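Morning, everyone. I have one structure to walk through today. Let me put it on the screen.

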Amino acid sequence: LGTFLLDIDETAEEVWIPDNLTNESPYVYKKLKQVNKLVVQSLSKSIRELFSSAMECYDLPDTLFVQTPERQSETTNLDFLQAIKIKNIHVLESKTYSSKDGLLFDSTGEMLIRCPSGRTGTVSIPEGTKQIAHNAFCSCIYLEKIVCAQSLRKIGMMAFSGCPKLKEVVLNQGLKEIGDEAFYSCNSIQKLRFPGSIERLGDYLCGNCLSLSEVVLEEGIRCIESDMFRYCKKLKTLALPSSIQEIGQSSMLSVTDLYLKTDEVPDGLVCAVCSIRNSSRMIACNEPYTCIHTPSETIYLPKYILVEWVRIFNKRPMIKDGYKYASYKVDAIRTAFALYQETNDQEAKTFIRKKSLLAIKFLSSKELVLYMKADLLSNAALKELQEKVAEDQEKAPEVQAYLLEKLKKKNRKPKQKFAL
(Lines give C-alpha, C1' and ligand atoms only; values in the text may rest on other atoms or scores of the structure.)
Protein backbone atom coordinates (compact mmCIF):
# COMPACT_ATOMS: atom_id res chain seq x y z
CA LEU A 1 0.00 0.00 0.00
CA GLY A 2 1.98 2.97 -1.25
CA THR A 3 5.40 2.67 0.43
CA PHE A 4 4.12 0.32 3.15
CA LEU A 5 4.92 -3.39 2.60
CA LEU A 6 1.97 -5.52 3.77
CA ASP A 7 2.75 -9.01 2.51
CA ILE A 8 4.97 -11.13 0.27
CA ASP A 9 3.84 -13.89 -2.04
CA GLU A 10 6.05 -16.75 -0.91
CA THR A 11 5.14 -18.79 -4.01
CA ALA A 12 6.53 -16.14 -6.35
CA GLU A 13 9.61 -16.97 -8.41
CA GLU A 14 11.01 -13.52 -7.82
CA VAL A 15 10.49 -10.80 -5.22
CA TRP A 16 11.60 -7.26 -6.03
CA ILE A 17 12.05 -4.74 -3.22
CA PRO A 18 11.82 -1.15 -4.48
CA ASP A 19 14.02 1.63 -3.18
CA ASN A 20 11.20 3.82 -1.87
CA LEU A 21 9.99 1.73 1.09
CA THR A 22 9.58 3.81 4.22
CA ASN A 23 7.66 1.36 6.41
CA GLU A 24 7.40 -2.39 6.59
CA SER A 25 5.60 -5.13 8.46
CA PRO A 26 8.43 -7.25 9.88
CA TYR A 27 6.59 -10.58 9.96
CA VAL A 28 6.46 -10.74 6.17
CA TYR A 29 10.19 -11.36 5.99
CA LYS A 30 9.68 -14.81 7.45
CA LYS A 31 8.44 -15.80 4.00
CA LEU A 32 11.53 -14.69 2.11
CA LYS A 33 13.42 -17.95 2.67
CA GLN A 34 10.98 -19.67 0.30
CA VAL A 35 11.62 -17.17 -2.47
CA ASN A 36 13.91 -18.33 -5.28
CA LYS A 37 15.13 -14.89 -6.24
CA LEU A 38 15.29 -11.74 -4.08
CA VAL A 39 16.13 -8.52 -5.92
CA VAL A 40 16.75 -5.10 -4.37
CA GLN A 41 16.60 -2.02 -6.56
CA SER A 42 18.83 0.09 -4.36
CA LEU A 43 21.50 -0.04 -1.68
CA SER A 44 20.50 3.43 -0.52
CA LYS A 45 20.03 4.50 3.10
CA SER A 46 16.36 3.46 3.27
CA ILE A 47 17.13 -0.06 2.03
CA ARG A 48 20.03 -0.37 4.46
CA GLU A 49 17.78 0.57 7.37
CA LEU A 50 15.12 -1.85 6.21
CA PHE A 51 17.55 -4.77 6.05
CA SER A 52 19.34 -4.05 9.31
CA SER A 53 16.16 -3.49 11.34
CA ALA A 54 14.06 -6.37 10.10
CA MET A 55 15.76 -8.94 7.89
CA GLU A 56 18.64 -9.74 10.24
CA CYS A 57 16.14 -11.71 12.33
CA TYR A 58 15.05 -14.04 9.53
CA ASP A 59 16.48 -16.47 6.99
CA LEU A 60 16.96 -15.13 3.49
CA PRO A 61 17.67 -16.78 0.15
CA ASP A 62 21.34 -17.68 -0.35
CA THR A 63 21.76 -15.08 -3.10
CA LEU A 64 20.86 -11.41 -3.03
CA PHE A 65 20.41 -9.82 -6.47
CA VAL A 66 21.09 -6.11 -6.95
CA GLN A 67 19.70 -4.03 -9.79
CA THR A 68 20.39 -0.30 -9.50
CA PRO A 69 20.30 1.30 -12.96
CA GLU A 70 20.93 4.79 -11.61
CA ARG A 71 24.33 5.70 -10.22
CA GLN A 72 24.43 5.84 -6.43
CA SER A 73 26.78 8.08 -4.51
CA GLU A 74 26.91 6.01 -1.31
CA THR A 75 29.24 3.06 -1.76
CA THR A 76 31.06 2.71 1.55
CA ASN A 77 28.46 2.27 4.32
CA LEU A 78 27.20 -1.22 3.65
CA ASP A 79 27.39 -2.44 7.24
CA PHE A 80 23.89 -3.89 7.03
CA LEU A 81 25.36 -6.69 4.89
CA GLN A 82 27.18 -7.89 8.03
CA ALA A 83 23.84 -8.62 9.69
CA ILE A 84 22.14 -10.65 6.97
CA LYS A 85 23.70 -14.08 6.40
CA ILE A 86 23.43 -14.35 2.63
CA LYS A 87 26.08 -16.37 0.79
CA ASN A 88 26.26 -14.58 -2.56
CA ILE A 89 25.66 -11.15 -4.06
CA HIS A 90 24.93 -10.95 -7.76
CA VAL A 91 24.67 -7.58 -9.52
CA LEU A 92 22.23 -7.67 -12.44
CA GLU A 93 22.58 -4.06 -13.54
CA SER A 94 24.35 -1.12 -11.90
CA LYS A 95 26.53 1.88 -12.63
CA THR A 96 27.92 1.75 -9.09
CA TYR A 97 28.49 -1.94 -8.35
CA SER A 98 29.58 -5.17 -9.99
CA SER A 99 30.02 -8.71 -8.75
CA LYS A 100 32.47 -11.59 -9.16
CA ASP A 101 32.19 -15.05 -7.65
CA GLY A 102 29.35 -13.88 -5.41
CA LEU A 103 31.39 -10.96 -4.00
CA LEU A 104 30.34 -7.30 -4.25
CA PHE A 105 32.76 -4.99 -6.15
CA ASP A 106 32.77 -1.40 -7.30
CA SER A 107 31.85 -0.66 -10.91
CA THR A 108 35.45 -1.16 -12.11
CA GLY A 109 35.73 -4.60 -10.55
CA GLU A 110 39.02 -3.60 -8.93
CA MET A 111 37.82 -2.90 -5.36
CA LEU A 112 36.16 -5.66 -3.35
CA ILE A 113 33.50 -3.91 -1.27
CA ARG A 114 31.86 -6.76 0.60
CA CYS A 115 31.97 -10.50 1.10
CA PRO A 116 28.52 -11.85 2.11
CA SER A 117 28.47 -12.75 5.80
CA GLY A 118 26.98 -16.18 5.17
CA ARG A 119 29.93 -17.45 3.10
CA THR A 120 31.60 -20.57 4.46
CA GLY A 121 34.88 -22.41 3.94
CA THR A 122 37.41 -20.76 1.61
CA VAL A 123 37.17 -17.54 -0.39
CA SER A 124 39.66 -16.96 -3.20
CA ILE A 125 39.76 -13.30 -4.18
CA PRO A 126 39.48 -13.05 -7.98
CA GLU A 127 42.48 -11.96 -10.04
CA GLY A 128 42.23 -8.34 -11.12
CA THR A 129 41.26 -7.21 -7.63
CA LYS A 130 43.55 -4.37 -6.55
CA GLN A 131 41.96 -3.28 -3.29
CA ILE A 132 39.88 -4.70 -0.43
CA ALA A 133 37.68 -2.05 1.17
CA HIS A 134 37.35 -1.29 4.89
CA ASN A 135 35.35 -3.97 6.74
CA ALA A 136 34.95 -6.01 3.56
CA PHE A 137 35.11 -9.37 5.39
CA CYS A 138 34.21 -8.04 8.86
CA SER A 139 32.01 -10.45 10.85
CA CYS A 140 32.10 -13.24 8.26
CA ILE A 141 31.74 -15.69 11.11
CA TYR A 142 31.80 -18.88 9.02
CA LEU A 143 34.86 -18.23 6.85
CA GLU A 144 37.91 -20.42 7.46
CA LYS A 145 40.39 -19.39 4.77
CA ILE A 146 41.05 -16.42 2.46
CA VAL A 147 43.46 -16.54 -0.48
CA CYS A 148 44.48 -13.14 -1.87
CA ALA A 149 44.85 -12.52 -5.59
CA GLN A 150 48.34 -11.79 -6.93
CA SER A 151 46.99 -8.50 -8.27
CA LEU A 152 46.02 -7.23 -4.79
CA ARG A 153 47.86 -4.10 -3.64
CA LYS A 154 45.86 -2.67 -0.70
CA ILE A 155 43.82 -4.05 2.20
CA GLY A 156 41.60 -1.58 4.11
CA MET A 157 41.11 -1.05 7.84
CA MET A 158 39.43 -3.90 9.75
CA ALA A 159 39.08 -5.79 6.48
CA PHE A 160 39.13 -9.27 8.11
CA SER A 161 38.31 -8.32 11.70
CA GLY A 162 35.85 -10.26 13.80
CA CYS A 163 36.05 -13.55 11.86
CA PRO A 164 36.18 -16.10 14.70
CA LYS A 165 36.63 -19.23 12.53
CA LEU A 166 39.19 -17.75 10.14
CA LYS A 167 42.29 -19.97 10.41
CA GLU A 168 44.39 -18.90 7.43
CA VAL A 169 44.93 -15.84 5.25
CA VAL A 170 47.36 -16.19 2.35
CA LEU A 171 48.81 -12.74 1.59
CA ASN A 172 50.30 -12.22 -1.85
CA GLN A 173 53.71 -10.94 -2.88
CA GLY A 174 53.28 -7.43 -4.24
CA LEU A 175 50.81 -6.37 -1.55
CA LYS A 176 51.76 -2.80 -0.59
CA GLU A 177 49.49 -1.75 2.27
CA ILE A 178 47.44 -3.28 5.09
CA GLY A 179 45.18 -1.01 7.14
CA ASP A 180 44.97 -0.80 10.92
CA GLU A 181 43.16 -3.61 12.78
CA ALA A 182 42.88 -5.68 9.61
CA PHE A 183 42.99 -9.00 11.55
CA TYR A 184 41.61 -7.75 14.86
CA SER A 185 39.92 -10.50 16.93
CA CYS A 186 40.52 -13.27 14.40
CA ASN A 187 40.83 -15.74 17.25
CA SER A 188 41.44 -18.92 15.23
CA ILE A 189 44.44 -17.70 13.21
CA GLN A 190 47.61 -19.43 14.40
CA LYS A 191 50.11 -18.33 11.76
CA LEU A 192 50.58 -15.28 9.51
CA ARG A 193 53.22 -14.45 6.91
CA PHE A 194 53.70 -10.84 5.85
CA PRO A 195 55.44 -10.32 2.48
CA GLY A 196 58.36 -7.91 2.21
CA SER A 197 56.50 -5.78 -0.32
CA ILE A 198 54.62 -4.21 2.62
CA GLU A 199 56.64 -1.38 4.15
CA ARG A 200 54.33 -0.53 7.06
CA LEU A 201 52.28 -2.80 9.32
CA GLY A 202 49.44 -0.85 10.97
CA ASP A 203 48.20 -0.22 14.50
CA TYR A 204 46.50 -3.17 16.22
CA LEU A 205 46.92 -5.10 12.97
CA CYS A 206 46.75 -8.47 14.73
CA GLY A 207 45.33 -7.20 18.02
CA ASN A 208 43.46 -9.73 20.14
CA CYS A 209 44.34 -12.70 17.91
CA LEU A 210 44.33 -15.09 20.84
CA SER A 211 45.59 -18.18 18.97
CA LEU A 212 48.34 -16.46 16.96
CA SER A 213 51.63 -18.15 17.86
CA GLU A 214 53.79 -17.87 14.72
CA VAL A 215 54.51 -14.79 12.59
CA VAL A 216 56.93 -14.52 9.67
CA LEU A 217 58.09 -11.01 8.73
CA GLU A 218 59.92 -10.97 5.40
CA GLU A 219 62.80 -8.69 4.43
CA GLY A 220 61.58 -5.35 3.15
CA ILE A 221 59.22 -4.44 5.99
CA ARG A 222 60.41 -1.16 7.50
CA CYS A 223 57.91 -0.12 10.15
CA ILE A 224 55.75 -1.87 12.74
CA GLU A 225 53.16 0.47 14.25
CA SER A 226 51.93 0.61 17.85
CA ASP A 227 50.07 -2.32 19.42
CA MET A 228 50.42 -4.52 16.34
CA PHE A 229 50.38 -7.76 18.37
CA ARG A 230 48.48 -6.41 21.38
CA TYR A 231 46.83 -9.18 23.44
CA CYS A 232 48.37 -11.93 21.27
CA LYS A 233 49.15 -13.97 24.37
CA LYS A 234 50.52 -17.02 22.54
CA LEU A 235 53.04 -15.10 20.44
CA LYS A 236 56.21 -15.66 22.46
CA THR A 237 58.93 -15.77 19.79
CA LEU A 238 59.48 -13.33 16.92
CA ALA A 239 62.30 -12.71 14.45
CA LEU A 240 62.70 -9.25 12.92
CA PRO A 241 64.11 -8.75 9.42
CA SER A 242 67.17 -6.52 9.07
CA SER A 243 65.04 -4.03 7.10
CA ILE A 244 63.04 -3.01 10.21
CA GLN A 245 63.87 0.58 11.16
CA GLU A 246 61.07 1.61 13.51
CA ILE A 247 58.81 -0.16 15.99
CA GLY A 248 55.77 1.36 17.68
CA GLN A 249 54.98 1.32 21.39
CA SER A 250 53.51 -1.81 23.00
CA SER A 251 53.54 -3.67 19.69
CA MET A 252 55.21 -6.82 21.08
CA LEU A 253 54.38 -7.00 24.77
CA SER A 254 53.70 -10.75 24.75
CA VAL A 255 57.01 -11.60 23.04
CA THR A 256 59.61 -13.07 25.40
CA ASP A 257 62.28 -13.97 22.82
CA LEU A 258 63.02 -11.40 20.11
CA TYR A 259 65.67 -12.17 17.48
CA LEU A 260 67.52 -9.47 15.52
CA LYS A 261 69.55 -10.32 12.44
CA THR A 262 72.05 -7.52 13.10
CA ASP A 263 73.48 -5.75 16.15
CA GLU A 264 71.75 -2.55 15.05
CA VAL A 265 68.69 -1.93 17.22
CA PRO A 266 65.54 -0.45 15.57
CA ASP A 267 64.11 2.77 17.00
CA GLY A 268 61.45 2.19 19.62
CA LEU A 269 62.47 -1.39 20.45
CA VAL A 270 62.40 -0.97 24.23
CA CYS A 271 58.93 0.57 24.34
CA ALA A 272 57.73 -2.15 21.94
CA VAL A 273 58.63 -5.08 24.22
CA CYS A 274 58.44 -3.36 27.63
CA SER A 275 55.40 -1.93 29.36
CA ILE A 276 55.90 1.54 30.80
CA ARG A 277 54.70 2.08 34.37
CA ASN A 278 54.30 5.20 36.49
CA SER A 279 54.58 3.39 39.81
CA SER A 280 56.90 0.86 41.45
CA ARG A 281 54.25 -0.82 43.59
CA MET A 282 55.05 -4.44 44.35
CA ILE A 283 53.53 -6.80 41.80
CA ALA A 284 54.91 -10.13 40.64
CA CYS A 285 54.48 -10.65 36.88
CA ASN A 286 54.13 -13.92 34.99
CA GLU A 287 56.63 -12.81 32.33
CA PRO A 288 59.21 -10.64 34.07
CA TYR A 289 61.62 -10.14 31.17
CA THR A 290 62.20 -10.30 27.43
CA CYS A 291 65.33 -11.75 25.82
CA ILE A 292 66.76 -9.68 22.96
CA HIS A 293 69.00 -11.92 20.84
CA THR A 294 71.52 -10.33 18.48
CA PRO A 295 74.35 -12.06 16.58
CA SER A 296 76.86 -10.96 19.24
CA GLU A 297 74.95 -11.05 22.55
CA THR A 298 71.74 -11.69 24.47
CA ILE A 299 70.27 -8.99 26.66
CA TYR A 300 67.55 -9.40 29.29
CA LEU A 301 65.16 -6.47 29.53
CA PRO A 302 62.60 -6.25 32.35
CA LYS A 303 59.05 -6.50 31.04
CA TYR A 304 57.95 -3.52 33.12
CA ILE A 305 60.07 -0.39 33.49
CA LEU A 306 59.44 2.95 35.13
CA VAL A 307 58.70 5.85 32.83
CA GLU A 308 61.73 7.82 34.06
CA TRP A 309 64.09 5.11 32.76
CA VAL A 310 62.75 5.14 29.21
CA ARG A 311 65.18 7.83 28.09
CA ILE A 312 68.13 5.74 29.31
CA PHE A 313 66.94 2.67 27.46
CA ASN A 314 66.24 4.61 24.27
CA LYS A 315 69.84 5.82 24.24
CA ARG A 316 71.34 2.46 25.20
CA PRO A 317 68.75 -0.28 24.63
CA MET A 318 71.26 -3.12 25.00
CA ILE A 319 72.03 -2.45 28.67
CA LYS A 320 73.60 -5.47 30.31
CA ASP A 321 72.31 -4.60 33.79
CA GLY A 322 68.83 -3.64 32.59
CA TYR A 323 67.33 -5.58 35.50
CA LYS A 324 68.13 -2.62 37.77
CA TYR A 325 65.52 -0.52 35.98
CA ALA A 326 62.59 -2.90 36.47
CA SER A 327 59.40 -1.30 37.72
CA TYR A 328 58.74 -4.18 40.13
CA LYS A 329 61.59 -5.27 42.39
CA VAL A 330 60.75 -8.95 42.28
CA ASP A 331 60.93 -8.83 38.47
CA ALA A 332 64.36 -7.20 38.78
CA ILE A 333 65.46 -10.25 40.79
CA ARG A 334 64.05 -12.69 38.24
CA THR A 335 65.62 -10.82 35.33
CA ALA A 336 69.01 -10.75 37.09
CA PHE A 337 68.71 -14.49 37.76
CA ALA A 338 68.08 -15.22 34.08
CA LEU A 339 71.18 -13.22 33.18
CA TYR A 340 73.24 -15.01 35.82
CA GLN A 341 72.14 -18.44 34.63
CA GLU A 342 73.05 -17.59 31.04
CA THR A 343 76.33 -15.71 31.56
CA ASN A 344 77.45 -16.33 35.19
CA ASP A 345 77.45 -12.55 35.59
CA GLN A 346 78.88 -11.83 39.05
CA GLU A 347 77.32 -8.39 39.28
CA ALA A 348 73.90 -9.96 38.81
CA LYS A 349 74.73 -12.52 41.52
CA THR A 350 75.68 -9.77 43.97
CA PHE A 351 72.46 -7.90 43.16
CA ILE A 352 70.32 -10.99 43.88
CA ARG A 353 72.05 -11.73 47.19
CA LYS A 354 71.43 -8.14 48.31
CA LYS A 355 67.74 -8.54 47.45
CA SER A 356 67.35 -12.10 48.76
CA LEU A 357 65.28 -11.08 51.80
CA LEU A 358 62.76 -9.68 49.33
CA ALA A 359 63.07 -12.73 47.08
CA ILE A 360 61.90 -15.22 49.71
CA LYS A 361 58.65 -13.26 50.11
CA PHE A 362 57.59 -13.43 46.48
CA LEU A 363 59.38 -16.28 44.71
CA SER A 364 57.74 -19.68 44.27
CA SER A 365 59.01 -22.80 46.03
CA LYS A 366 60.52 -24.08 42.81
CA GLU A 367 62.34 -20.78 42.26
CA LEU A 368 63.65 -20.73 45.84
CA VAL A 369 65.22 -24.16 45.42
CA LEU A 370 66.97 -22.98 42.25
CA TYR A 371 68.25 -19.87 44.03
CA MET A 372 69.56 -21.94 46.94
CA LYS A 373 71.32 -24.36 44.59
CA ALA A 374 73.04 -21.38 42.95
CA ASP A 375 74.01 -20.00 46.39
CA LEU A 376 72.09 -16.77 45.74
CA LEU A 377 70.40 -16.40 49.13
CA SER A 378 72.20 -14.61 51.95
CA ASN A 379 72.53 -16.13 55.45
CA ALA A 380 69.92 -13.71 56.73
CA ALA A 381 67.50 -14.80 54.00
CA LEU A 382 68.12 -18.48 54.75
CA LYS A 383 67.37 -17.97 58.44
CA GLU A 384 64.15 -16.10 57.70
CA LEU A 385 63.16 -18.76 55.21
CA GLN A 386 63.78 -21.41 57.87
CA GLU A 387 61.37 -19.63 60.19
CA LYS A 388 58.73 -19.43 57.46
CA VAL A 389 59.03 -23.14 56.71
CA ALA A 390 58.83 -24.00 60.41
CA GLU A 391 55.53 -22.14 60.66
CA ASP A 392 54.01 -24.02 57.71
CA GLN A 393 55.89 -27.26 57.09
CA GLU A 394 53.33 -28.66 54.65
CA LYS A 395 53.47 -25.60 52.43
CA ALA A 396 56.81 -26.27 50.76
CA PRO A 397 58.34 -29.68 51.60
CA GLU A 398 60.87 -29.41 48.74
CA VAL A 399 62.09 -26.07 50.12
CA GLN A 400 62.28 -27.49 53.63
CA ALA A 401 64.36 -30.50 52.55
CA TYR A 402 66.87 -28.48 50.57
CA LEU A 403 67.01 -25.73 53.20
CA LEU A 404 67.98 -28.20 55.95
CA GLU A 405 70.73 -29.61 53.77
CA LYS A 406 71.96 -26.10 52.96
CA LEU A 407 72.03 -25.02 56.60
CA LYS A 408 73.87 -28.17 57.64
CA LYS A 409 76.61 -27.40 55.16
CA LYS A 410 76.89 -23.82 56.37
CA ASN A 411 76.99 -24.81 60.07
CA ARG A 412 79.43 -27.66 59.62
CA LYS A 413 82.72 -26.72 61.34
CA PRO A 414 85.95 -27.65 59.60
CA LYS A 415 88.06 -30.29 61.40
CA GLN A 416 91.01 -28.89 63.36
CA LYS A 417 94.42 -30.05 62.39
CA PHE A 418 97.12 -30.48 65.07
CA ALA A 419 100.76 -30.40 64.27
CA LEU A 420 102.92 -32.88 66.11
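Start with helix α5, residues 329–343. Its 15 residues, at 1.5 Å a residue, should span 21 Å, and its end C-alpha atoms are 21 Å apart, so the two agree. The expected span here is 1.5 Å times one less than the number of residues. Helices are DSSP runs of H or I with at least four residues, strands are runs of E with at least two, and both are numbered from the N terminus.

Before going on, the ground rules. This is a predicted model: local features need pLDDT of at least 70, side-chain atom pairs count only at pLDDT 80 or more, and totals for chains, interfaces and linings use all residues. Residues are numbered from 1 along each chain as its sequence is written, and side-chain values use heavy atoms, with hydrogens and water left out.

Back to α5. How many of its 15 residues are buried? The count is 11, so α5 is mostly covered, where buried means under 20% relative accessible area, exposed over 50%, and partly exposed in between, with a 1.4 Å probe and protein chains only. Among the buried ones are V330, D331, R334 and Y340. The cover includes strands β24 (289–293), β25 (298–302) and β26 (304–306). It also includes helices α6 (346–354), α7 (356–362) and α8 (365–373).

Now α5 against α6. They pack at about 145 degrees, axes 9 Å apart. Axes are lines fitted to C-alpha atoms, for helices over the stretch in contact, and angles run from 0 to 180 degrees between N-to-C directions. From α5, the contact uses A332, I333, A336, F337, L339 and Y340. From α6, the partners are Q346, A348, K349, F351 and I352. Contact means heavy atoms within 4.5 Å.

Just past α5, N344 has a positive phi of about 60 degrees. Just after α8, D375 does likewise, at about 55 degrees. Inside α8, E367, L368, V369, Y371 and M372 are buried.

Why point out a positive phi? Most residues other than glycine have a negative one. D101 has a phi near 50 degrees. D101 sits in the loop between β7 (97–100) and β8 (103–106), and is exposed at 54% relative accessibility. Y231 comes in at about 65 degrees. Its loop runs between β19 (223–224) and β20 (237–240). Y231 is partly exposed, at 42%.

Next, the cores. A nonpolar core is a set of buried Ala, Val, Leu, Ile, Met, Phe, Trp, Tyr and Cys residues joined through side-chain atoms within 4.5 Å. The largest has 66 residues, and F137, F160, F183, F194 and C206 touch the most other members. Helix α3 (residues 269–273) gives the most to this core, with five residues. Apart from it lies another core of 32 residues, including C291, Y300, Y323 and A348. Look at F194. Beyond its neighbours within four places in sequence, F194 contacts residues including L171, F183, C206, V216 and M228.

Last, cysteines. How many disulfides are there? Zero, counting a disulfide as a pair of cysteine sulfur atoms within 2.5 Å. The sulfur of C206 is 5.2 Å from the closest cysteine sulfur, in C209, which is too far for a bond. C206 is buried, at 0% relative accessible area. For C274, the nearest cysteine sulfur is that of C271, 7.7 Å away. C274 is also buried, at 1%.
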